Amino acid sequence: MDDGLSILNEILEVFPKELQLESGLSCHARPLTDADQTPFWDFFQAVPQEERVLIKHHVHRPEVIAEWCSEIDYGRNLPILALVDGQVIGVCTLHQQLGGWKRHIGRISVFIHPLFRGRGIAKALVSEVVGIAQKMGLEKLEAEFIAAQERAIRVFALIGFSELLRMEDYVRDMQAISHDYVLMGMDLTTDEEYASAG
């Protein structure tokens with residue numbers, strides 16, 4: 001466990017870093033901290049209600065955001081923020097199970113501010129987190145969607161994720177409306193495998 005934490009600390013030393021996107025937008029990327037509660041809350045309040053019901057968590061509740069910012073455990077959930085002038089414009093999180101059957105599999109979730117979509121932020125953030133997962137020795141990544149999240153599904157496909165499973169009317173949003181569930185996955189090549197291939 002200590003080895004895992006030291007590897008993670010080494011990985012995080014590269015942050016904050018600047019991301020120069022193909023769209024011309026420049027933003028800074030870094031992990032979420034306990035000082036981010038207000039901008040992180042503002043970020044989720046900018047999400048339209050019809051989209052907010054599709055998010056798994058009650059992001060309209062201040063106590064949920066406060067808990068996320070005060071109980072940070074990068075080893076389990078590592079949120080990487082994209083910021084412009086202190087405003088949070090995107091977040092991509094690497095979720096890990098530290099034991100059990102899926103300890104070698106990470107799960108990625110991403111969300112982009114409505115006013116900054118279509119500018120390459122999701123692709124840049126997901127690529128950053130994929131790189132982190134590789135360095136941490138994870139072997140596979142997963143991402144969960146409802147079928148209506150077509151834009152996000154396309155972004156993940158461009159990065160190298162493929163559809164593993166689609167189940168009709170399998171999940172329900174915050175208003176209890178059923179949606180098709182889509183599971184995407186990606187096999188990772190670790191740094192050691194890259195070295196041996198070379």
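Helix 5 (residues 121-135) and helix 6 (residues 150-159) cross at roughly 50°, and their axes come within 10 Å. This is a predicted model, in which local features need pLDDT of at least 70 and side-chain atom pairs count only at pLDDT 80 or more, while totals for chains, interfaces and linings use all residues. Residues are numbered from 1 along each chain as its sequence is written, and side-chain values use heavy atoms, with hydrogens and water left out.

**Helix 5 and helix 6**
- Ala 122, Lys 123, Val 126, Ser 127 and Val 130 of helix 5 meet Val 155, Phe 156 and Ile 159 of helix 6, where contact means heavy atoms within 4.5 Å.
- By class, these residues divide into six nonpolar, one polar and one charged; Ala, Val, Leu, Ile, Met, Phe, Trp, Tyr, Cys and Pro count as nonpolar, Asp, Glu, Lys and Arg as charged, and the others, Gly among them, as polar.

**Helix 2 and helix 4**
- Helix 2 (residues 37-45) packs against helix 4 (residues 62-70) at an angle of about 135°, with the axes 10 Å apart.
- Helix 2 is therefore oblique to helix 4.
- Gln 37, Phe 40, Trp 41 and Phe 44 of helix 2 make the contact with Pro 62, Ile 65, Ala 66, Trp 68 and Cys 69 of helix 4.
- This contact has eight nonpolar, one polar and no charged residues.

**Gln 96**
- Gln 96 lies in strand 4 (residues 87-96).
- A polar atom of the Gln 96 side chain lies 3.2 Å from the backbone oxygen of Gly 75.

Conventions:
Helix = DSSP H or I, 4+ residues; strand = E, 2+ residues; numbered from the N terminus. Polar contact = N/O pair within 3.5 Å; in protein donor to acceptor, adjacent residues only side chain to side chain. Axes fitted to C-alpha atoms, helices over the stretch in contact; angles between N-to-C directions. Parallel < 35°, antiparallel > 145°, perpendicular 65-115°, else oblique.
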